[in-house]
Amino acid sequence: MVSALLYRQARQATQPLGRHGLRAFASAVNPVPEKDCRSITPPYAKLQANLQKVRRVLDNRPLTLAEKVVYSHLTNPEETVPVRGETYLKLSPDRVAMQDASAQMALLQFMLSGMSTTAVPSSIHCDHLIVANEGADKDVAASIKTNQEIFDFLESAGKKYGIAFWKPGSGIIHQIVLENYAAPGGLMLGTDSHTPNAGGLGMVAIGVGGADAVDAMAAIPWELKAPNVIGVKLTGQLSKWASPKDVILKLAGDLTVRGGTGHIIEYFGQGVDSLSCTGMATICNMGAEVGATTSLFPYTAGMRSYLSATGRAPVAQAADANQDFLRADAGADYDKVLEIDLSQVEPHINGPFTPDLSTPLSKFKDFIKENNWKDEMTAGLIGSCTNSSYQDMSRAASLAKQAVDAGLQTKADFLVTPGSEQIRATIERDGQQAIFEKAGAKVLSNSCGPCIGMWSRSEHQGEENAIMTSFNRNFRNRNDGNPQTMNFLAAPEIVTAMSFAGKLSFNPMTDSLLDKDGNAFQFQPPQGDDLPKQGFEAGRATYEPPAPTPDADASVSINVNPASNRLQVLEPFDAWHGDEFKDVRVLVKVQGKCTTDHISAAGPWLKYKGHLENIAENTLIGAQNADNGKVNIVHDVTNGNDGSIPDVAKSYKSQNIPWMVIADHNYGEGSAREHAALQVRYLGCPLIVSRSFARIHETNLKKQGVLPLTFANEADWERISGGDLIETVGVKDIAPGKPVQLIVTKQDGAKITIDAKHTMSADQIEWFKEGSALNLIKKSVSA
């Protein structure tokens, strides 16, 4: 299996590098082959026919591109009258993609569905479980050895159910999808919040939890509230120093982490045509940081070129024949319109600790001084799923080459993460990798690595320090497990240039360094090609892509060792008891930002993604208790002692005491991490009341039978404390749009009544009644 084959091959040395410098006349040694595009090309005729039915019920009003793609995927288009922000849509996705950390739980759930194969093309991508340490092949080999049980489980499940399996080291899920599966006008679900990356190819690609993926794989209509649409009009053209990353860094500052919730962000305007396909993917990728359902661009010549360069010319030809479908109608109405003149966009740097704290590069020096931060950059990291395209690597390498030619080395640690084997092989051939290494860089494996906390970093632990990355997310503790590491997000070009200075105050557009002779050296603007002139390299045979739609093999056995601490067969959750919730104890009142990283930490905990009991030990360990200001410390009312949140939750569960969480704004933002819902359900939490929820997490809670409620009056958050007892009124007869009341008994015996509301649809209420969406799927399959 994968463990034996890859462990042997990953240890083999790569081909020797050529001379340092970009190889303008290199030719492909192993070119990317033409793909079988039958399962990749969207069924345009069917989608167009569906859309005509929807147009009739909408009186033929002009539609945005987002509406056209989403509504054309309605399971029963003639039965639905979509109203943005109101109607729950039942959709039929074209494809599912799963990364290895979330695929474990998704497949464990799918195994309970009774299905013999997936209903739609699906893929598994082994990218999350590789720790960045020694670099590239050594890290892949170490990961295969450490995670053999997981990779073998995933590979076996892929064979049994006909799911494409991408081996460890082959690439990051979003880059692999963009290179192989994304197609204009398609609808894809991915078990990762940055799935919208495929919007750079005009696809509606939405990050979901594993249970949502199971819906699509089991041919159950997937439910989504019809999104509102934010239109972003792009004019002009980016200046030489600005990049697509700066567009979304600026927009994140404008919209904030909640500004896109419930919306699809759709880009339009003449400025769109000036962007590369991979540049548009970068913008869509980081749209997740403003809470958007997804982001997408209309079909462009850049997309056509990218499809052809990656072996999907038939998809481009089909898209060419359906261009009217792949752009917004004239006169389409948006819920909100923003305008960005690309020629006025300057490089931005966002952070620390939140991706929407946006500062123009020209003001960043003052920003550092105002906050009295040490003017030192300890590490620069480029790549990740957000910025690892050929264009990104070429532009960053052009700056590195300038510095190397001047005799400079990076003063900060410099790490490079290629997004896929295709990118790695191509930049090796064309010389960018050699330039990075000559500058002092360590090239990591084609995986997520430090971006998701899989970074073996011993330096600067326990001390405040600053890193700069081209990643998409920068929550506290996320990258290296050090809560004092400040991660500033920027374009790879800016990260690269500033790594040579080693100072946060350095502005590569205006400031100078000293070359090897002591003379002033100033960077010239970066340069780079959108696509390699000699085509992409396919890379090493070790990482040969799987067939787009492998045949299912029912004879394959999937064995889960009962003694394993990595995998655990799931037991169905109990159905709702059919009555009001009574005597539910408030375990914790959460204050401030509480992301899925806070609820279910990643990093070293990733190894337990397939074992619910074990990973439940990290439940809410990053949450700040509003009552005492402490992280992961709550009061156990049954014994009068303080303890960690998971320990007290387990104690309550053992005593049959139901418990709940009172949460602040945008609870559950960040990763599409369904474990954050599974864990609280497993530990005995039947409901959560918040000021507001992030979209994916709210859906994940519903999928697992947890009732998510919001305060009708946000100020009522102040009236509840940890240890209070809650009784519901209105849950017994729960119905769409019907409010719920909370009867709160304070610890001194006083009672107050608080109004709450929910967003449960009729179908979601059935999930709740059955105990989970999976229980309902199993019931329908066996009926």
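**Notes on a predicted structure**

1. Both arginine 691 and aspartate 664 are buried, and in this predicted model the two residues form a salt bridge in which the closest N and O atoms are 3.0 Å apart. Arginine 691 sits in the loop between S25 and helix H22 (695–703), while aspartate 664 sits in the loop between strand S24 (659–663) and helix H21 (675–682), so the pair ties together parts that are 27 residues apart in sequence.

2. Strand S25 (residues 687–690) also holds isoleucine 688, and this residue is buried, with a relative accessible area of 0%. Leaving aside residues up to four places away in sequence, isoleucine 688 touches Val661, Tyr667, Val680, Phe693, Leu701, Val706, Leu707, Pro708 and Leu709. Between the C-alpha atoms of isoleucine 688 and threonine 745, which are 57 residues apart along the chain, the separation is 17 Å.

3. How many salt bridges does a search of the whole structure find? The search finds 38, and one of them joins the side chains of arginine 540 and aspartate 137 at 2.9 Å, N to O. This pair links distant parts of the chain, 403 residues apart, with arginine 540 in the loop between strand S20 (520–521) and strand S21 (584–589) and aspartate 137 in helix H5 (residues 136–146). The two partners fall into separate classes of accessibility: arginine 540 counts as partly exposed because its relative accessibility is 21%, and the cut-off for buried is under 20%, whereas aspartate 137, at 13%, counts as buried.

4. Another salt bridge brings together the side chains of aspartate 716 and arginine 719, at 3.3 Å from N to O. Here aspartate 716 counts as buried, at 9% relative accessibility, while arginine 719 is partly exposed, with a relative accessible area of 36%. Elsewhere, salt bridges link Arg61, Glu67, Arg84, Asp333 and Asp335 in a network.

5. An open sheet is formed by 5 strands in the order S4-S3-S2-S5-S6, with parallel pairing. Its edge strands are strand S4 (164–166) and strand S6 (204–207), each of which pairs on one side only, and the twist from one strand to the next averages 20°. Within this sheet, strand S2 (residues 95–99) and strand S5 (residues 187–190) run parallel and are joined by 3 bridges, and valine 96 stands opposite leucine 189 in S5. Helix H7 (residues 173–180) lies across S2, strand S3 (122–125), S4 and S5, and runs at about 150° to S2.

6. Strand S14 (residues 379–383) is mostly covered, with 5 of its 5 residues buried. Ala379, Leu381 and Gly383 point one way from the strand, Gly380 and Ile382 point the other way, and all are buried.

7. Some backbone details deserve a careful look, since most residues other than glycine have a negative phi, and most peptide bonds are trans. Aspartate 59 has a positive phi of about 55° although it is not a glycine; aspartate 59 is found in the loop between helix H2 (44–57) and H3, and counts as exposed at 67% relative accessibility. Alanine 219 has a positive phi as well, near 65°, and lies in the loop between helix H8 (210–217) and strand S7 (222–225), where it is exposed, with a relative accessible area of 54%. The peptide bond from glycine 351 to proline 352 is cis, with omega near 5°, and proline 352 lies in the loop between strand S12 (348–350) and strand S13 (358–360).

How values were computed. Residues are numbered from 1 along each chain as its sequence is written. This is a predicted model: local features need pLDDT of at least 70, side-chain atom pairs count only at pLDDT 80 or more; totals for chains, interfaces and linings use all residues. Side-chain values use heavy atoms; hydrogens and water are left out. Two strands pair if DSSP finds at least two bridges between them. Helices (H or I, at least four residues) and strands (E, at least two) are DSSP runs, numbered from the N terminus. Axes are lines fitted to C-alpha atoms, for helices over the stretch in contact, and angles run from 0 to 180 degrees between N-to-C directions. Contact means heavy atoms within 4.5 Å. Buried means under 20% relative accessible area, exposed over 50%, partly exposed in between (1.4 Å probe, protein chains only). A salt bridge is a side-chain nitrogen of Lys or Arg within 4 Å of a carboxyl oxygen of Asp or Glu.
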